[in-house]
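Reader: I have a structure to read and a few labels to sort out. Can we take them one by one?

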Amino acid sequence: MCLLDLEAPFRGERTTILRCGGLFGPGRHPGRFLRGRPLVRPEEPVNMVHQSDVVRAIHHATTHRLNGVFNLVSPEPVSRLAFYSAAGAVDHPIHGSAPHPSTGRRISSEAILTTGFSFQYPNPIQALASLDDPSPRTP
């Protein structure tokens, strides 16, 4: 069974489905996500969303009575290496992002953007500055 199978009974004119990317925010620092594991497929895009944007999207969807399926991921693409380096999760950090990662699956947030929603944190690397824990590494 896949996600589409699970969503099928809920699809209809009066249903809103919000599909969230990797969630990060206060208490969920992405520097801890790898937990000492190596970063695999560093060139692939990362599909993350800040917790504040999810809360704002829920409010937007209910206020505007949206119907349909909407992906919630930061709209500006960055690579896994750029994101996790900025989060302090890899030993050799880099700065910036790959403008168009060449492999992997990039999820689009275009559908929610066309409804007038705007992300508070469109760039997941820049969103890291909002987190409450400046030192994500654990001993």
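Author: Start with a term. Accessible areas come from the Shrake-Rupley method with a 1.4 Å probe. On that basis the protein exposes about 8300 Å². Carbon and sulfur atoms supply 54% of that area. Keep in mind that this is a predicted model.

Reader: Why is arginine 41 called partly exposed?

Author: Buried means under 20% relative accessible area, and exposed means over 50%. Arginine 41 has 45% relative accessibility, so it counts as partly exposed. Arginine 41 sits in the loop between β2 (22–24) and β3 (48–50).

Reader: What makes arginine 65 exposed?

Author: The cut-off for exposed is over 50%. Arginine 65 has a relative accessible area of 71%, so it is exposed. Its place is the loop between α2 (51–63) and β4 (68–72).

Reader: What is the phi of arginine 41?

Author: Phi of arginine 41 is positive, about 50°, although the residue is not a glycine. Arginine 65 also has a positive phi, near 50°, and is a residue other than glycine.

Reader: In what order do the elements of the protein run?

Author: From the N terminus on, the order is α-β-β-β-α-β-α-α-α. That gives 5 helices and 4 strands.

Reader: How many of the residues count as buried, as a percentage?

Author: The protein has 139 residues, and 36% of them count as buried. The test is under 20% relative accessible area.

Reader: What share of the contacts with a separation of 6 or more joins residues 24 or more positions apart?

Author: Such residues account for 83% of those contacts. A contact here means heavy atoms within 4.5 Å.

Conventions
Residues numbered from 1 in each chain as written. Predicted model: local features only at pLDDT ≥ 70, side-chain atom pairs only at ≥ 80, totals over all residues. Heavy atoms only, no water. Helix = DSSP H or I, 4+ residues; strand = E, 2+ residues; numbered from the N terminus. Buried < 20%, exposed > 50% of the residue type's maximum accessible area, 1.4 Å probe, protein only.
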